[in-house]
Amino acid sequence: MDADIIVIGAGAAGLVAARRVARRTRRVLVLEARDRIGGRVLPHPLTRIATPAELGAEFIHGAAERTKALLREAGSAAIDMGGDSWVRKSGELQCNDDNFSSSARIFEGSRSLPDDESVEQFLRRFEGDDALRETAQAARAFVEGFEAADPQLASAKAIADEWESGTDSTSARPLGGYGPMFAHLHNDCERAGVRFAFSTRVRRISWRRDGVAVDVRGPLGESQTLRARAAIVTLPVGVLRHRGDDAEITFEPELPAPKREALAHIEMGHVVKVALWFRTSFWERVARGRYHNAAFFHIDGQPIPTYWTQLPVRSELIVAWVGGPGAVALSGRSQPELVEMALAGLGELLGEVELARGEFEGGLTHDWSGDPFARGAYSYVAVGGGNARAALAVPVGESLFFAGEATSSDGQGGTVNGAIETGERAAAQAVAALGVKEIA
Ligand SMILES: Cc1cc2nc3c(=O)[nH]c(=O)nc-3n(C[C@H](O)[C@H](O)[C@H](O)COP(=O)(O)OP(=O)(O)OC[C@H]3O[C@@H](n4cnc5c(N)ncnc54)[C@H](O)[C@@H]3O)c2cc1C
């Protein structure tokens with residue numbers, strides 16, 4: 001045996017799982033295809049600018065107790081968001097109240113439907129309703145922008161569950177970005193004796209009741225088979241679902257039917273996120289300081305419609321964002337094209353095209369949809385997939401355990417906090433199955 005437990009993936013779920021399992025056994029091996037930890041958390045520190053460009057996860061959504069506890073452990077903290085939202089309507093930017101709660105309420109009606117419907121189908125019934133037409137449009141925009149989902153595929157009932165009225169819709173940011181928290185998890189793992197193999201791609205997982213054999217391709221292209229009593233699989237759904245000649249991963253034997261059924265009902269959402277940094281935070285000065293406390297800007301009808309500042313930290317960084325079908329429409333665009341598009345969009349939005357160009361210093365993006373180790377940004381539930389997340393989380397026999405954001409079924413799917421919780425859950429399941437008692 002090469003390890004008691006092999007953890008596949010060194011993102012949030014994998015690091016948390018490895019750290020927890022390591023309380024019980026030092027024979028833990030983490031296999032990671034990239035040459036770094038973090039997975040879909042990808043901070044890019046910038047010289048001179050106080051906030052890193054977070055090319056993956058950036059915010060903390062809702063209460064997120066586990067994330068906040070980890071930040072405290074790492075000597076960091078969550079800082080509450082604040083600031084105004086500005087929306088461009090009839091050619092002018094107007095300060096806008098948050099309409100997330102009314103968007104969430106409109107989905108409540110989907111609970112009484114006999115059968116699930118797509119978000120598109122469900123919202124279409126409000127088209128002729130003068131009182132609710134605008135709310136329905138805002139709700140569709142949230143599904144695309146926030147869930148990164150295609151309204152034609154996303155489940156209306158699942159959105160109702162995830163956005164349940166009363167859900168804490170507040171947001172915060174990790175002070176200094178997510179980097180320190182992930183470095184802390186990695187250090188803790190290493191201190192506990194967890195071994196890491198980076199640039200090591202898992203290609204095949206052969207599972208039996210009493211153990212697993214994992215075929216990997218190492219950094220120099222060399223093949224190897226590693227054996228363990230169990231594996232914790234934290235691979236993104238995009239990777240698990242991807243089939244064909246360039247499939248990253250196969251299971252031997254195939255995963256049981258309920259697991260394949262679950263995977264068929266969880267889609268990967270798509271996002272284009274561009275970080276732009278400037279000589280100064282010029283948007284705070286334009287229009288006689290009107291946008292001094294701007295957190296978000298939104299402009300309909302543009303290829304990249306949403307922009308945000310780093311408030312409450314005043315920094316020279318702006319993030320441009322489009323999710324869902326709008327992001328798919330931009331697939332194949334090069335990094336310089338996307339940076340240019342974002343810069344032009346920001347200038348136009350503020351009515352300060354020349355100033356934005358003059359102040360511009362640099363921009364960066366990451367192609368998550370084209371990334372073979374992600375194949376999208378984060379997951380959402382497709383029509384008819386009410387219990388798909390829970391089904392994906394169920395262990396297979398006593399040797400295969402599943403974690404990762406897509407297996408989080410309490411409204412935390414698609415988030416870092418959800419991934420953390422699933423890593424803890426899968427580690428506890430694996431330890432229990434191996435018959436070793438965990439030290440609290
Ligand atoms: C652009 C973007 C913005 C986001 N914004 C937010 C946000 O603001 N707030 C929030 O909470 N969440 C956000 N998310 C989602 C969040 O990043 C994820 O939910 C979370 O990081 C997922 O963690 P995970 O451990 O489940 O998966 P991952 O982080 O993807 O970890 C899985 C690991 O498996 C590895 N892997 C893949 N294939 C193989 C292979 N064949 N062999 C070995 N290893 C492999 C991957 O490299 C990866 O490291 C965002 C995501 C993106 C992409």
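The points below are grouped by topic.

This is a predicted model, in which local features need pLDDT of at least 70, side-chain atom pairs count only at pLDDT 80 or more, and totals for chains, interfaces and linings use all residues. Residues are numbered from 1 along each chain as its sequence is written.

**Domains**
- The domain assignment gives domain 1 (3–40 + 178–268 + 383–433), domain 2 (100–162) and domain 3 (271–365); such bounds come from an automatic or database assignment.
- The centres of domain 1 and domain 2, taken over C-alpha atoms, are 32 Å apart.
- Eight residues of domain 1 contact ten residues of domain 2, contact being C-beta atoms, placed from the backbone, within 7 Å.
- On the domain 1 side that touches domain 2 there are one nonpolar, six polar and one charged residue.
- Ala, Val, Leu, Ile, Met, Phe, Trp, Tyr, Cys and Pro count as nonpolar, Asp, Glu, Lys and Arg as charged, and the others, Gly among them, as polar.

**Ligand shell**
- Around the ligand are 41 residues, of which Gly9, Gly11, Gly39, Ala57 and Gly404 come nearest; a residue is near if its C-beta atom, placed from the backbone, lies within 6 Å.
- Two or more residues each come from helix 1 (12–21), strand 11 (201–208), strand 16 (271–278) and helix 15.
- Helices (H or I, at least four residues) and strands (E, at least two) are DSSP runs, numbered from the N terminus.
- The shell divides into 22 nonpolar, eleven polar and eight charged residues.

**Helix 15**
- Helix 15 (residues 416–433) is largely enclosed by the rest of the structure, because 14 of its 18 residues are buried (20 or more other C-beta atoms within 10 Å of their own, C-beta atoms being placed from the backbone).

Technical notes. A residue is buried if 20 or more other C-beta atoms lie within 10 Å of its own, exposed if 12 or fewer, and partly exposed in between; C-beta atoms are placed from the backbone. Two residues are in contact if their C-beta atoms, placed from the backbone, lie within 7 Å.
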